[in-house]
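Here's a quick briefing on one protein model. Have the sequence and the coordinates open while you go through it.

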Amino acid sequence: MRHIIFGGDGFVGRHLAPRLQAAGHEVIVADIAKSDLAHYRDIRFDTVDVTDPASIARVGIKADDMVYNLSAKMLSPLQVRAKRHDFFFPVNYYGTENIIKAMDQAGATSLVHFTTDMVYGHTFVWPQTEEHPVAPLGEYGLSKLKTEELAADWRERGMKISLFRPRLIIGPGRLGILAKLFKLIDNNLPVPMIGSGKNPYQFISVFDCASAAHAAFTAGVPNEVYNLGSLNPPPVRKLLGDLVKHAGSKSILLPTPAWAVKRTLDLFDLINMPIMDPEQYLIADEMCVLDVSKGERELGWVPQYRDEDMLIAAYSEYRKGLAGGSQDNVTHAKAA
């Protein structure tokens with residue numbers, strides 16, 4: 001069996017590909033850009049644009065291939081309101097549809113697909129199980145929710161599709177919104193929190209994401225959706241306080257009235273000067289914690305990395321990038 005990873009040169013894929021290869025599988029990475037990664041000595045790379053069906057066809061999917069879709073446009077870089085639909089949907093939705101149609105033409109039936117916890121929108125029940133209501137707050141979450149609906153349609157036609165909804169994925173190779181936080185800490189500036197900081201903030205390690213995708217394959221690609229997040233996330237105040245202490249910074253944590261901050265950010269968004277994406281700040285003070293017990297029950301998957309350790313590791317990578325004169329915030333236009 002071959003394992004084809006669309007978006008496999010991106011953040012999760014660059015950890016999933018060598019993991020599968022080390023397990024003895026033949027792996028093909030299909031992405032729009034190729035990085036200088038050691039595993040390409042043994043793993044085939046195909047240049048693929050998922051928005052182009054002809055490009056996907058050149059991969060040559062076979063009936064017994066195992067397919068993973070990690071291709072995506074993310075919330076970084078920030079987009080103004082008018083451009084968000086056309087930014088997210090071509091890759092996130094239509095790219096997914098193109099991959100599934102190519103699988104169907106080849107007779108391939110097994111797919112692991114990553115969506116996002118942003119499909120939930122506001123938190124109504126805590127912790128959030130996979131049965132929590134879905135009501136995305138923006139085009140990114142909506143584009144991902146539409147892929148889940150697409151998956152439901154194709155399941156009825158005989159496909160096996162495992163879906164994953166990760167929290168904010170962090171690890172070596174991506175900073176995103178964290179870069180702003182790290183700059184404040186390095187400059188000993190106040191770190192504003194949206195709200196009191198008493199609510200927890202949950203991450204998921206890129207390594208745990210790769211192990212979850214592998215676990216879905218091992219379990220036979222169940223037709224289910226699974227949350228991906230850490231265990232026992234600490235309150236925002238403790239999470240950031242530990243980081244400030246680790247960095248030796250003089251930064252102080254600054255609680256703010258959440259409603260006032262959100263309205264201010266809404267205003268900047270309205271005038272096309274976004275500071276954060278609404279899908280991020282509108283839930284920043286909520287109890288957004290995913291229940292990941294379903295993954296343990298059905299896939300035997302348990303997250304291994306703590307939020308505190310992940311954030312400090314991301315900061316360490318950030319500092320290394322500055323010291324080396326390079327940017328460690330690597331993202332690809334069509335790879336997540």
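Where is Asn-188 found? Asn-188 sits in the loop between H5 and strand S8 (191–194); helices (H or I, at least four residues) and strands (E, at least two) are DSSP runs, numbered from the N terminus. Keep in mind that this is a predicted model, where local features need pLDDT of at least 70, side-chain atom pairs count only at pLDDT 80 or more, and totals for chains, interfaces and linings use all residues. Residues are numbered from 1 along each chain as its sequence is written, and side-chain values use heavy atoms, with hydrogens and water left out.

- Most residues other than glycine have a negative phi, and most peptide bonds are trans.
- Asn-188 is not a glycine, yet has a positive phi of about 60 degrees.
- At 39% relative accessibility, Asn-188 counts as partly exposed; buried means under 20% relative accessible area, exposed over 50%, and partly exposed in between (1.4 Å probe, protein chains only).
- Val-221 isn't a glycine either, and has a positive phi of about 55 degrees.
- Val-221 belongs to the loop between helix H6 (206–218) and strand S10 (225–228), and at 4% relative accessibility Val-221 is buried.
- Ser-76 and Pro-77 are joined by a cis peptide bond, with omega about 5 degrees; Pro-77 is in the loop between strand S4 (66–69) and H3.
- Another cis peptide bond joins Trp-126 and Pro-127, with omega about -5 degrees, and Pro-127 falls in the loop between S5 and H4.

**Salt bridges**

- The count comes to 17 salt bridges, each being a side-chain nitrogen of Lys or Arg within 4 Å of a carboxyl oxygen of Asp or Glu.
- Arg-167 pairs with Asp-117, the closest N and O atoms being 2.6 Å apart.
- That pair links distant parts of the chain, 50 residues apart: Arg-167 is in the loop between strand S6 (160–166) and strand S7 (168–170), and Asp-117 is in the loop between strand S5 (110–114) and helix H4 (139–155).
- Arg-167 and Asp-117 are both buried.
- Glu-148 and Arg-165 also form a salt bridge (2.7 Å, N to O), linking helix H4 to strand S6 across 17 residues; both residues are buried.
- Asp-9 and Arg-14 meet at 3.8 Å, N to O. Asp-9 is buried at 0% relative accessibility, and Arg-14 is buried at 17%.
- Arg-81, Arg-84, Asp-269 and Asp-277 are linked in a salt-bridge network.

**Helix packing**

- Two packed helices are described by the angle between their axes and the distance between the axes.
- For helix H5 (residues 178–186) and helix H11 (residues 307–323), the axes come within 11 Å and cross at roughly 75 degrees. Axes here are lines fitted to C-alpha atoms, for helices over the stretch in contact, and angles run from 0 to 180 degrees between N-to-C directions.
- H5 and H11 are therefore roughly perpendicular (angles under 35 degrees count as roughly parallel, over 145 as roughly antiparallel, 65 to 115 as roughly perpendicular and the rest as oblique).

**Inside and outside**

- Thr-96 lies in helix H3 (residues 81–106) and is buried, with a relative accessible area of 2%.
- Lys-250, in the loop between helix H7 (236–247) and strand S11 (253–256), is exposed, with a relative accessible area of 70%.
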